[in-house]
Protein chains: 2
Amino acid sequence: MIVLKFGGTSVGSIERIRHVADLIRRSAAKEGPVCVVVSAMAGETDRLVSLYKHLSSDTQTLEYDLLVASGEQASISLLSAALGSIGTKAQPLLGFQAGFVTNDARGRAKIKSIQTDRILELSSAGIIPIVAGFQGADESGQITTLGRGGSDTSAVALAAALKARRCDIYTDVSGVYTADPRICKKARKIEKMSFEEMMELASLGAKVLHPRSVEIAAKYQIPVRVVNTFEESEGTTVGPFEDLLESPVVTALTTDHNLALITLKNVRKSEELLDRLFGKLSEENVIVDIIVHSAIREDGSFDLSFSTPKEDVSLVERSLQSLALEASQIDTSLSKVSLVGSGMRSHSGVAARVFKTLARGQIPIVCTTTSEIKISCVVPQIHAEKALQSLHDEFCIVRE
Amino acid sequence: MIVLKFGGTSVGSIERIRHVADLIRRSAAKEGPVCVVVSAMAGETDRLVSLYKHLSSDTQTLEYDLLVASGEQASISLLSAALGSIGTKAQPLLGFQAGFVTNDARGRAKIKSIQTDRILELSSAGIIPIVAGFQGADESGQITTLGRGGSDTSAVALAAALKARRCDIYTDVSGVYTADPRICKKARKIEKMSFEEMMELASLGAKVLHPRSVEIAAKYQIPVRVVNTFEESEGTTVGPFEDLLESPVVTALTTDHNLALITLKNVRKSEELLDRLFGKLSEENVIVDIIVHSAIREDGSFDLSFSTPKEDVSLVERSLQSLALEASQIDTSLSKVSLVGSGMRSHSGVAARVFKTLARGQIPIVCTTTSEIKISCVVPQIHAEKALQSLHDEFCIVRE
């Protein structure tokens with residue numbers, strides 16, 4: 001079995017739905033049994049959410065889930081009808097009909113299990129199951145949604161439950177690139193990459209796959225292929241490719257502009273305060289990415305900076321207040337440029353080359369963070385494009 | 001318990017949904033427990049159906065049901081959120097969650113039973129159930145729809161199952177009128193009318209209530225009130241008012257332009273042919289309304305005319321062909337003007353007054369049909385308005 005997932009733009013119009021139906025028919029003829037997961041038609045979820053937001057700001061409700069789940073209900077029905085019209089047997093299944101059992105966290109449910117009986121039954125009767133992504137039902141039978149980006153997660157989780165050979169994510173880009181081709185003209189498509197690399201890229205702001213879906217793919221070792229719905233090409237396969245002999249040092253670069261750097265100057269207390277501050281932030285579900293702690297001065301004071309997504313700034317301010325602290329500076333004019341590659345493990349000196357490259361371009365580095373397979377530098381947003389381009393040039397990415 | 005039903009125009013925008021929420025809150029405060037049935041937002045069902053029709057002409061499919069059912073799924077969620085935002089507890093329920101069990105006739109399902117446990121449970125917990133009209137699920141759990149106009153039927157059937165005191169149908173007109181006020185300036189709103197009168201009016205083309213819903217209301221003796229969502233007024237109550245002492249002869253008038261008159265001239269065989277012809281038409285689900293059979297001539301031949309809705313003409317032609325017959329004439333430029341009133345039972349000479357009135361206005365009558373409480377005359381469509389106005393004047397409808 002192969003799972004095929006189609007995003008909103010892939011089913012954004014009647015013409016596109018017809019095209020996708022034909023693509024499914026050909027895929028099934030070539031590869032054997034397939035199971036399809038579909039998002040809502042492009043723009044539909046946004047339309048529904050905007051209607052809802054006129055009435056309520058609380059998106060963690062039963063009403064919100066039921067409302068936005070109607071988007072996929074329409075797209076699976078239309079796609080199944082399109083398959084029927086070209087003589088391919090199909091049946092639309094809502095999330096709960098397809099066996100998706102979730103917890104009851106409204107608007108951001110987690111998949112608990114997938115009962116695949118119905119899907120297997122249809123499939124062995126030669127009927128292609130067309131499953132609504134992004135949704136399921138909790139144990140009391142109420143319809144739930146997985147939160148934005150959840151259709152990727154539905155598809156990969158279903159592939160895992162079905163022990164599928166592969167999960168194909170059909171979208172409007174041709175695969176994963178060494179950098180965003182709109183910014184970096186020399187960017188090239190990556191043929192193969194490891195789960196780990198994709199996971200870093202996804203969490204660093206690359207929009208191709210949702211990090212949750214990559215995590216599941218890695219856990220169950222399901223190869224995920226990112227392909228363009230509208231062109232014939234191989235796309236990018238994310239899979240268990242840890243031991244490629246000729247790993248390039250850097251596989252891909254990405255930038256993230258959704259970043260605020262909060263700085264507290266001349267803080268006087270140390271460990272106990274850090275503990276209380278970051279404890280409080282984690283309690284409030286604030287995502288803290290980079291933390292920079294200056295050396296402690298002779299008088300015992302030090303400076304502290306940390307970064308969060310921009311939307312968390314007001315939460316941070318409230319948390320600081322509750323600890324009788326105040327930010328000296330909140331900078332939202334920054335970007336984070338990141339380099340990811342499993343090859344970094346075996347190549348030392350990558351950081352030095354990064355710093356040298358940026359210095360050569362007179363790009364100031366505000367702060368830096370690293371992991372085994374990535375380096376991120378925070379730079380002023382006005383320099384972000386140039387940083388991306390010159391780092392792309394420097395590491396001259398070629399994958400064999 | 002009272003059931004309140006809101007049509008598509010009543011929930012056609014965020015402003016209107018807010019207005020309806022307020023109306024429900026006030027209604028519940030005044031009248032005690034209410035249960036709400038809602039249609040899809042105005043235009044939404046048409047939008048979904050038109051998407052579907054690009055892909056398939058078969059509307060009796062699982063896909064069609066699932067697709068159009070998504071319209072009510074959105075409207076109940078939004079209305080429930082609107083109630084929440086003004087502090088009134090509510091919960092959206094899809095048809096199947098509200099207990100609507102139907103047969104599996106796709107696109108035109110019939111309600112088999114309504115399991116009201118969930119609704120009663122919510123209601124006794126002080127939560128207003130907001131039920132999706134027009135839909136249910138068959139016994140295998142697949143979502144079904146009742147066909148257009150089905151939300152009225154949902155509401156009245158639910159009122160019957162709940163043994164409700166009343167069913168209020170909120171819509172964009174102020175009640176049932178003695179004639180269409182857009183055509184007949186002197187038309188007045190009717191305060192009370194019998195189930196029987198409403199049933200005749202609904203089947204004669206008055207669009208206010210769906211005939212199926214009136215039938216159920218009559219069977220279970222549930223008073224139905226037709227009220228305007230957008231103005232404070234009493235509306236029209238349809239109920240067990242058979243024995244109003246001062247019944248007017250005619251309660252209301254209506255016109256129907258969706259009419260084709262098929263004429264077969266010089267037919268030679270008689271009973272046997274009529275039997276085969278109307279047997280065949282009924283087999284094909286053609287609705288035959290008026291049948292006019294001329295006297296049989298000396299040579300044994302006769303003329304036959306019958307009327308059907310315009311959309312059935314091609315079915316009629318096919319049926320005639322299969323019996324080696326052919327229509328001499330198919331006239332689609334006609335209208336049917338009907339007078340309805342329980343008072344007709346006790347007043348003779350109504351037909352004579354009708355003919356005299358139309359003759360005075362030089363309006364030719366093509367044919368006529370009567371029942372205990374109605375008279376319908378088919379006239380050329382160009383004369384239909386004048387016929388309606390002069391008959392309205394003649395019978396000078398006043399109900400005490």
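In this predicted model, A:Leu79 touches A:Val11, A:Ile17, A:Val20, A:Ala21, A:Val38 and A:Ile130, leaving aside residues up to four places away in sequence. A:Leu79 also belongs to the largest nonpolar core, a set of 218 residues. Besides A:Leu79, the residues with the most contacts inside this core are A:Val3, A:Leu158, B:Val3 and B:Leu79.

The domain assignment for chain A gives domain 1 (2-172), domain 2 (260-331) and domain 3 (333-395). Taken over C-alpha atoms, the centres of domain 1 and domain 2 of chain A are separated by 41 Å.

We turn next to the place where the chains meet. Here, 24 residues of chain B are in contact with 24 residues of chain A. On the side of chain B that touches chain A, helix H2 (44-53), helix H3 (62-85) and strand E3 (90-93) of chain B each supply at least two residues. Of the elements of chain B, H3(B) gives the most to this side, with 14 residues. By residue type, the side of chain B that touches chain A divides into 13 nonpolar residues, ten polar ones and one charged one.

Strand E3 of chain B leads on to a sheet. Eight strands of chain B form this open sheet, in the order E3-E6-E2-E1-E9-E11-E12-E10, and their pairing is mixed. E3 and strand E10 (192-194) of chain B stand at the edges with a single partner strand each, so one side of each has no neighbour in the sheet. From one strand to the next, the twist averages 20 degrees. Within the sheet, strand E11 (residues 224-228) and strand E12 (residues 236-239) of chain B run antiparallel and are joined by three bridges. One residue pair can be named here: the bridge partner of B:Val226 is B:Thr236 in E12(B). Helix H6 (residues 195-203) of chain B lies across E10 and E12 of chain B, and runs at about 85 degrees to E10(B).

Chain B also holds an open sheet of four strands, ordered E15-E16-E14-E17, in which the pairing is antiparallel. At its edges stand E15 and strand E17 (329-331) of chain B; each has a single partner strand, so one side of each is left without a neighbour in the sheet. Neighbouring strands of this sheet are turned against each other by 15 degrees on average, direction ignored.

Strand E16 (residues 302-308) of chain B deserves a look of its own. E16(B) is mostly covered, with five of its seven residues buried. Strand E14 (residues 260-267) of chain B pairs with E16(B) in the antiparallel sense over six bridges. Along this pairing, B:Phe306 of E16(B) is the bridge partner of B:Ile262, and B:Phe302 of E16(B) is that of B:Val267. Strand E15 (residues 291-293) of chain B also pairs with E16(B) in the antiparallel sense, over three bridges. In E16(B), B:Ser305 is the residue that stands opposite B:Val292.

Notes: Residues are numbered from 1 along each chain as its sequence is written. Chains are lettered from A and ligands numbered from 1 in the order in which they are written. This is a predicted model: local features need pLDDT of at least 70, side-chain atom pairs count only at pLDDT 80 or more; totals for chains, interfaces and linings use all residues. A residue is buried if 20 or more other C-beta atoms lie within 10 Å of its own, exposed if 12 or fewer, and partly exposed in between; C-beta atoms are placed from the backbone. Two strands pair if DSSP finds at least two bridges between them. Two residues are in contact if their C-beta atoms, placed from the backbone, lie within 7 Å. Ala, Val, Leu, Ile, Met, Phe, Trp, Tyr, Cys and Pro count as nonpolar, Asp, Glu, Lys and Arg as charged, and the others, Gly among them, as polar. Domain bounds come from an automatic or database domain assignment. Axes are lines fitted to C-alpha atoms, for helices over the stretch in contact, and angles run from 0 to 180 degrees between N-to-C directions. A nonpolar core is a set of buried Ala, Val, Leu, Ile, Met, Phe, Trp, Tyr and Cys residues joined through C-beta atoms within 7 Å.
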